Structure formats: C-alpha cells, structure tokens
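Subject: Structure for your review

Hello,

Here is the structure we talked about handing over. Please open it next to the sequence; notes on what was found follow below.

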Amino acid sequence: MRVVNCLSERLNPEIVLRRPNVADGPAVFNLIASCPPLDTNSRYCNLLQCHHFASTSVAAFLEQTLVGFVSGYLLPERADTLFVWQVAVADSARGQGLASRMLQHILARAELTDVRFIETTITDTNRASWALFERLAQSLDTSLQRSLLLERNLHFDNQHDSEFLARLGPLAR
C-alpha cells in the first residue's frame with residue numbers, strides 16, 4: 001500500500017467523509033491516477049471497491065470534488081481484521097491529517113466494532129505510509145508489527161519492491 005499524504009493537525013472541517021458509492025468509481029480512478037506512486041487499478045476494480053466494499057472504505061469530498069479515498073476490506077477468514085488496500089489524498093488536501101481522519105472514520109462505524117486488527121502492506125522506502133500507520137498505532141494505543149510478506153524477486157519478478165505487512169493491534173474496542 002502507498003500513502004500520498006503529509007500529516008498535521010490542520011484538518012479542513014469542510015471536508016465531508018462518507019461511504020463511497022458506485023457513482024464515485026470514476027472519480028476514485030482519477031484521484032488514484034493523480035497520486036503517484038500509487039498503483040492504478042482498473043476502472044472496474046474501483047467501481048467494485050465503491051460498491052462491494054463501501055462499508056470498509058471512505059470517500060472524502062471538499063464541495064463536490066473527491067479529495068481523498070481509502071479502500072479496505074475485512075479479511076475473509078479473519079473478520080476481526082481490516083485490510084487497508086490504498087490511501088490516496090489529492091494535492092489540494094494534503095498536510096491536513098486527512099489520511100488519518102479517514103482511517104479513524106472507517107473504524108468508528110458501528111458494523112466494524114469487531115475489528116481488532118488493521119493490516120496493510122508497505123514498501124520499505126515508503127516513509128509516508130510508515131509514518132501514517134505508526135501514528136495511527138500510537139493514537140489507537142496499540143502496537144505496530146512489521147514482517148516481510150511479498151518479496152521483490154519471488155512474487156514480483158523484480159518489477160516491484162518487496163511489500164512488508166504492517167499489522168496494528170489489538171485495538172481496544
């Protein structure tokens with residue numbers, strides 16, 4: 001997972017967070033495409049994220065413009081674990097702590113009270129993502145464990161950096 005965001009305490013109160021819906025799919029595709037080094041998914045994938053995973057994802061809007069998106073899902077065999085797929089924040093909304101606010105928004109949903117762990121994958125050099133999840137662990141008063149999950153040469157044919165599993169938890173609920 002890659003995060004494109006700088007954290008600070010200045011959060012714009014005019015940014016509205018809500019569950020995504022299928023109509024948000026094209027805007028999600030465009031937002032992610034505008035946030036290198038995020039991997040772009042197909043438009044179809046983004047439509048399905050907004051439709052099938054709306055309860056574990058969040059869209060952030062400033063006026064009518066999508067400025068942030070977090071996609072996630074509950075692991076099929078571990079319903080107590082939220083896997084965060086991607087976090088994207090538009091240039092215009094960076095430096096406001098939006099990524100952290102979006103993650104907290106998802107965790108606050110009534111249907112996710114059984115979530116005790118958060119997982120994501122992060123490349124070793126992605127300092128912004130590590131900082132985000134370290135701060136999130138700290139704000140949730142829990143630990144962050146790191147382990148190699150997907151290796152560059154074995155899983156990515158040397159075309160992508162190794163991905164480390166970041167696991168936060170257990171969460172006090």
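Where is Pro37 found? Pro37 sits in the loop between α1 and α2. Please keep in mind throughout that this is a predicted model.

The peptide bond running from Pro36 to Pro37 is cis, and its omega is near 15°. Another cis bond joins Gly169 and Pro170, with omega about 0°. Pro170 belongs to the segment after β8. For context, most peptide bonds are trans, and most residues other than glycine have a negative phi.

Asp157, in the loop between α5 (152-155) and β8, has a phi near 50°, a positive value in a residue other than glycine. Asn158 is placed in the loop between α5 and β8, and its phi, near 60°, is positive too. Asp157 is exposed, with a relative accessible area of 59%, while Asn158 counts as partly exposed at 41% relative accessibility.

Helix α2

Which residues of helix α2 are buried? In this helix, which spans residues 43-52, they are Cys45, Asn46, Gln49 and Cys50. Seen down the axis of α2, these buried residues fall within an arc of 135°, so they line one face of the helix. The buried residues of α2 pack against α1 (25-33), β4 (65-75) and β5 (78-89). On the face turned away from the buried side, α2 carries the exposed residues Tyr44 and His52.

Helices α3 and α4

Helix α3 (residues 98-107) packs with helix α4 (residues 127-139) at an angle of about 50°, and their axes are 10 Å apart. That angle makes α3 oblique to α4. The crossing in which α3 passes α4 is right-handed. Which residues meet there? From α3 they are Ala99, Ser100, Leu103 and Gln104, and from α4 they are Leu132, Phe133, Leu136 and Ser139.

Salt bridges

The count comes to seven salt bridges. Among them is the pair Glu119 and Arg78, whose closest N and O atoms are 3.0 Å apart. Glu119 lies in strand β6 (residues 117-123) and Arg78 in strand β5, so this pair ties together parts that are 41 residues apart in sequence.

The side chains of Arg167 and Glu119 also meet in a salt bridge, at 2.5 Å from N to O. Arg167 is in strand β8 (residues 163-169) and Glu119 in strand β6, so here the parts tied together are 48 residues apart in sequence.

Is Glu119 buried or exposed? Glu119 is buried, with a relative accessible area of 5%. Its two partners count as partly exposed: Arg78 at 36% relative accessibility and Arg167 at 21%.

One further salt bridge joins Arg94 and Asp91, with the closest N and O atoms 2.5 Å apart. Arg94 is partly exposed, with a relative accessible area of 25%, whereas Asp91 counts as exposed at 57%.

Regards

Definitions and conventions
Residues numbered from 1 in each chain as written. Predicted model: local features only at pLDDT ≥ 70, side-chain atom pairs only at ≥ 80, totals over all residues. Heavy atoms only, no water. Buried < 20%, exposed > 50% of the residue type's maximum accessible area, 1.4 Å probe, protein only. Helix = DSSP H or I, 4+ residues; strand = E, 2+ residues; numbered from the N terminus. Arc of directions from axis to C-beta. Contact = heavy atoms within 4.5 Å. Salt bridge = Lys/Arg side-chain N within 4 Å of Asp/Glu carboxyl O. Axes fitted to C-alpha atoms, helices over the stretch in contact; angles between N-to-C directions. Parallel < 35°, antiparallel > 145°, perpendicular 65-115°, else oblique. Left-handed = near helix turned anticlockwise from the far one by under 90°.
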